[in-house]
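The entries below are in the order in which I looked things up.

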Amino acid sequence: MSLYDVNWPKLWKDGRYFAQPPQPKTQTQKPSDGTLVGEILAVATDLLGGAYELGAVTLPFEPEEHLEILPTLSEQSAFWWARAARALASQLATAKYPIRAQASHLVVGPLHVFLLLSGLTLLSLQFWWARLGGLMGVTSMQARTGDQHDTSSFDGSNLEFSWVIPHDTHPSEACNRKIRFAIDPFHPERGHRVAGGAVVDYLWSEKGGMGLVKKGEGSKDWKDIIEKWLFPDIEDSGEFVEGTTYSIAFDLDPSGEIELKQYYMPPNPPLPGTKPKSCVAAYRGTDDLERFKGLARDLHPSLESPLQLIIDFVQRNGKESKMKWVMVACDVTRSEKNRLKLYILSERTKLKDMIYDMTLGGQIAGPRVDEAMANFSKFFIRLFPHAGTEEPQFQLRRNVHGEDESGPLRRNDVRMMYYYELFVGQSVPFSKIYFFMDHFSKNEYDTAQATELFFKDVGKPGDEGWITKALAHAYPHIALNKKNSIHTVASFGTKPTGWDITNYYSPEFFAPEFDE
C-alpha cells in the first residue's frame with residue numbers, strides 16, 4: 001500500500017471533515033420571517049437540510065453581537081474556517097455580490113470571526129464549512145509529508161484568492177469584480193497531497209456539490225480526458241501520481257453557483273539513470289509541445305490550429321525565451337464553452353520580449369491586440385516603477401524586500417510565466433502573463449496602489465484607495481506597507497472580448513501575525 005492511497009468513500013463520509021446533509025439541497029430560498037436573523041437561518045437550513053442543530057439566537061439581535069450558527073465539525077475544520085472564512089467573506093462583501101439576505105457586521109461560525117456578509121456570502125461560506133475545510137490538510141507545515149515545495153505562496157498556504165477586476169465598472173456597483181479561489185488539496189490526517197481528480201469528482205457529484213456546483217452532461221469530460229492522457233497508467237482519478245501538484249479553482253458566480261476548474265502540474269522528469277515512478281505523457285519543464293497534439297485533437301479538433309501556432313513559436317522565433325511547459329488546466333464545463341490552458345515559463349524579462357512572447361512573435365495581431373499590449377505596457381510601468389531602463393524599453397529587476405541581503409529568494413529560479421488558452425472555435429490562442437509579486441514587489445501597499453493607478457490611467461471609475469481599503473479589510477492581520485507576501489501574483493490577460501487584470505492573494509495561513 002502506498003503512502004498516498006486514500007479510501008475515498010470512507011473519507012467523504014467522515015463527518016469530522018465533511019458535513020453530512022441528508023440529501024443534496026438546492027439554493028431555493030426558504031420562507032423566513034423577513035428579519036436579518038430569519039434570513040440567515042433560512043439560508044443555513046436550506047443548505048444543510050436540518051441535519052445539524054443551528055446555534056440559538058437571542059432576540060432582539062444587534063448587528064454588533066456575535067452570532068453563532070454553524071456547529072464545529074472538528075478542531076481542524078475550525079482552524080481552516082478561522083484562517084480562511086473571514087477573508088473570503090470580506091472579499092465577497094466589498095465586491096458587492098448580490099444580496100440574498102441583508103446583513104451587517106456578523107460573526108458566523110464557532111470561532112466568532114467578525115464578518116460583513118451578504119446572503120451569497122453565507123452560501124459560499126457554508127459550502128466552505130461543509131466541504132473545503134477537510135481538503136486543506138493538517139494545521140501546521142511541520143506535520144505535512146512528501147514534497148511540498150510548490151505551494152502557491154511563500155508561507156506554505158495551499159489556498160489562493162483572486163480578483164478578476166473589470167476596467168469599466170465602479171467599485172460601488174454590484175458585482176464590481178469576480179471573486180475566485182483555488183486550493184491545493186491535502187489529506188486532513190496524513191498531511192500529504194491528494195489526487196485532485198478525485199476531489200473534483202466528489203464536488204461535482206450531487207452529494208459533494210450540495211446543489212451549489214455547476215454541472216451538466218459532459219461537463220467533466222475534458223477533465224477526465226486530460227487526466228487520462230497525462231497519466232495513462234492510473235486506474236482511476238483517485239490514484240495520486242507522486243510529484244504532481246493538483247489544484248482546483250472555484251469561480252463564485254453572482255448567481256450563487258460555483259464553477260470548478262482543474263489544474264495539473266506533473267512531476268519533474270526522473271534523474272538520469274533512474275526509472276520513473278509513474279508513466280507521464282509530459283513532464284514538468286518540457287519544451288516539446290508536439291506531444292500535446294493528440295490531447296488537443298481528443299478534446300476538440302478546433303484546438304489543433306491555435307496549438308500549432310504555439311508549437312511553431314516555441315521551436316522557432318521564440319527559442320531565445322527558452323520556454324518550458326509546466327502545467328495544464330481546463331474548466332469543468334461543456335466542451336463548447338471550455339478552454340485548454342497551457343502554462344509556460346520564459347526566461348526573458350524585458351518588456352518588449354514579454355510582448356513578443358504574448359503575441360507569439362506577432363502571430364496574434366490586430367487592433368484588439370494592439371490596444372491590449374498598449375495597456376499591458378502601462379500596467380507594467382505602474383507595477384515596476386523601480387525597473388531599470390534600456391531605452392526605449394524597460395528591464396524587470398528582482399526586488400525581494402528584506403530577502404536579497406540574507407541570500408535566499410522567495411521562489412527558486414523565478415521566471416516569467418504565461419498561459420496560452422485555447423478556446424473552442426477560436427483560430428488563435430489568447431495569452432496571459434503572471435508576475436510573482438511576492439518576489440518582485442516592495443510591499444502590498446505599493447502593488448495595490450500601482451494597480452489602482454493603472455485603472456485610473458485607463459479611465460476606470462472609482463474612489464481613491466478603493467483597492468487598498470478592500471485589501472486592508474480582507475487582511476487586517478498585517479500592515480500593507482510592511483510585507484510583500486499577500487500579493488502572490490499580478491496578471492494581465494487577453495481575451496476574445498479584450499483584456500483583464502487578475503490579482504492573486506495568499507491568506508497567509510501560517511503567518512506569525514495570526515498567533516500574536
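**Entry: Glu242.** I located Glu242 in the loop between helix H7 (221-230) and strand E5. Setting aside residues within four places in sequence, I listed Tyr4, Pro267 and Lys277 as the contacts of Glu242. With Lys277 there is a polar contact between the two side chains, at 3.0 Å. I also noted Ala195, which is 47 residues from Glu242 in sequence and 9.4 Å from it in space, C-alpha to C-alpha.

**Entry: confidence.** The mean pLDDT of the protein is 83, and 78% of its residues reach 70 or more. Residues 101-120 stay under 50 in pLDDT, and the model has 77 contacts for them beyond four places in sequence. A further stretch, residues 401-412, is also below 50, with 22 contacts in the model beyond near neighbours in sequence. Where pLDDT is low, the predicted coordinates should not be read in detail.

**Entry: the barrel.** Which strands form the closed barrel, and in what order do they run? I wrote down ten strands, in the order E3-E4-E5-E6-E7-E8-E11-E12-E13-E14, with antiparallel pairing. From one strand to the next, the twist averages 20 degrees. In general, strands of a sheet pair through backbone hydrogen bonds, either parallel or antiparallel.

**Entry: strand E4 and its two partners.** I went through strand E4 (residues 178-183) and found five of its six residues buried. Strand E3 (residues 159-165) runs antiparallel to E4, and six bridges join the two. Phe161 has Phe181 in E4 as its bridge partner. E4 is also joined to strand E5 (residues 245-252), by four bridges and again antiparallel. Here I noted that Ala182 stands opposite Ala249 in E5.

**Entry: E11 and E12.** I then moved along to strand E11 (residues 416-423) and strand E12 (residues 430-436). These two run antiparallel and are joined by five bridges. Tyr418 stands opposite Ile433 in E12.

**Entry: helices on the sheet.** Helix H5 (residues 196-204) packs on the sheet, where it touches E5 and strand E6 (258-265). I noted about 170 degrees between the direction of H5 and that of E6. Helix H9 lies across strand E8 (339-346) and E11, and runs at about 155 degrees to E11.

**Entry: nonpolar cores.** How many residues does the largest nonpolar core have? I found 125, and those with the most contacts inside it are Phe181, Phe250, Leu340, Phe435 and Phe492. The helix H3 (residues 75-94) gives the most to this core, with eight residues. Another core lies apart from it and has 15 residues, including Ala182, Ala249, Val326 and Met327. In soluble globular proteins, nonpolar side chains tend to be buried together.

Beyond four places in sequence, its contacts include Phe127, Leu132, Ile179, Phe181 and Leu203. Arg180 and Glu259 are also among the contacts of Phe250.

Entry: I found Ser321 in the loop between helix H9 (304-315) and strand E7 (324-331). Is Ser321 buried or exposed? Its relative accessibility is 0%, so Ser321 counts as buried. The side chains of Ser321 and Asp357 are joined by a polar contact of 2.8 Å. Apart from residues up to four places away in sequence, Ser321 touches Ser346, Glu347, Arg348 and Asp357.

Lys322 is in the loop between H9 and E7 as well. I put Lys322 down as partly exposed because its relative accessible area is 47%. Its phi is near 50 degrees, a positive value in a residue other than glycine. Most residues other than glycine have a negative phi.

**Entry: Glu508.** Glu508 is not a glycine either, yet has a positive phi of about 55 degrees. I placed Glu508 in the segment after strand E14 (498-505). At 2% relative accessibility, under the 20% cut-off, Glu508 counts as buried.

Notes: Residues numbered from 1 in each chain as written. Predicted model: local features only at pLDDT ≥ 70, side-chain atom pairs only at ≥ 80, totals over all residues. Heavy atoms only, no water. Core = buried A, V, L, I, M, F, W, Y, C linked by side-chain atoms within 4.5 Å. Buried < 20%, exposed > 50% of the residue type's maximum accessible area, 1.4 Å probe, protein only. Contact = heavy atoms within 4.5 Å. Polar contact = N/O pair within 3.5 Å; in protein donor to acceptor, adjacent residues only side chain to side chain. Pairing = 2+ DSSP bridges. pLDDT = per-residue confidence, 0-100. Axes fitted to C-alpha atoms, helices over the stretch in contact; angles between N-to-C directions.
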